[in-house]
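Hi there,

Here is the structure I promised to pass on to you.

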Amino acid sequence: MRQNIVAGNWKMNKTLQEGIELAKDVNQRVNAITPKCKVVLGTPFIHITEVVNVVDGDKVAVAAQNCADKVSGAYTGEVSAEMVKSTGAAYVILGHSERRAYYGETNAILKEKTDLALANNLRPIFCIGEVLSEREANTHFDVVKSQIKEALFHLSADDFGKIVLAYEPVWAIGTGKTASSDQAQEMHAFIRGLITDKYGKEVADNISILYGGSCNPKNAQELFANPDVDGGLIGGASLKAEDFLAIITAF
Ligand code: PEP
């Protein structure tokens, strides 16, 4: 059966020292409970090795927030999937809307990144979601379908099964405006339907689909109670151990 996952996305926040303290705090709090989900910390690249060293990997895993679309070589400033893997990270967040919007990441580029992540035994947390104008124009299902189809549907069923999807309506990210529980469930069920059509029910039933977009200690329980919402990708509320823990315990 599919796994519940709560993943934090620290984005470009926390110095190395602050990040280590936050990771220690989260790890201690997670170890004091019996979480009903896998916990993932999506840290900046420079934090990964240190964070890996202070968390209990069976409960708290570490994700990079990106990786390069090239194997290796003369790409100044880039970090390859192989390099990410060598730090001890188990996951990589790919296709976050901020990467798509500010760094020109297209579905075609994300297809390359996904292939490289999987080839290096990293599990992609693959983000999809529509912007406000697309929802208002009622094209949100088509947008999400294209994002998944163009970046992921070339994968074998075996490889697709390693993907974690994160539905993040862009209008809800960092805005304090959350998708309603019904809107989240509706899209998650739609996504699972797409996967069923392409790979069959067994693969679809085993894929974790996370919700992201202003998820917080107040709304997490209602969102996670939906049958097709298997946890969350958490931005702002992952920067405080107390808030993050409240979300982890929302199952
Ligand atoms: C995110 O960046 O993935 C995110 C969901 O951010 P926030 O929780 O702050 O909306």
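Below is what I found, starting with how to read the model.

This is a predicted model, in which local features need pLDDT of at least 70, side-chain atom pairs count only at pLDDT 80 or more, and totals for chains, interfaces and linings use all residues. Residues are numbered from 1 along each chain as its sequence is written.

Let's begin with the ligand. There are 13 residues around the ligand, and I173, G174, G212, G235 and G236 come nearest (near means that the C-beta atom, placed from the backbone, lies within 6 Å). Sorted by class, this shell has five nonpolar, seven polar and one charged residues. Here Ala, Val, Leu, Ile, Met, Phe, Trp, Tyr, Cys and Pro count as nonpolar, Asp, Glu, Lys and Arg as charged, and the others, Gly among them, as polar.

Next, the interior. A residue is called buried if 20 or more other C-beta atoms lie within 10 Å of its own, exposed if 12 or fewer, and partly exposed in between, with C-beta atoms placed from the backbone. The largest nonpolar core has 75 residues; such a core is a set of buried Ala, Val, Leu, Ile, Met, Phe, Trp, Tyr and Cys residues joined through C-beta atoms within 7 Å. A63, V92, F126 and L165 have the most contacts inside this core. Leaving out residues up to four places away in sequence, L165 touches F126, I128, I191, I207, I209 and L210 (contact means C-beta atoms, placed from the backbone, within 7 Å).

Helices (H or I, at least four residues) and strands (E, at least two) are DSSP runs, numbered from the N terminus. The buried residues of α1 are G19, L22, A23, V26, N27 and V30. They sit on the same side of α1, because they cover an arc of only 130° around the axis, taken from the directions from the helix axis to the C-beta atoms. Among the elements covering these buried residues are β2 (38-42) and α12 (241-248).

Finally, two asparagines. N121 has a positive phi, near 60°, without being a glycine, and lies in the loop between α5 (107-119) and β5 (123-128). N121 counts as exposed because it has 11 C-beta neighbours inside 10 Å. N138 also has a positive phi, of about 65°, and its place is in the loop between α6 (132-136) and α7 (140-152).

Terms used:
Two residues are in contact if their C-beta atoms, placed from the backbone, lie within 7 Å.
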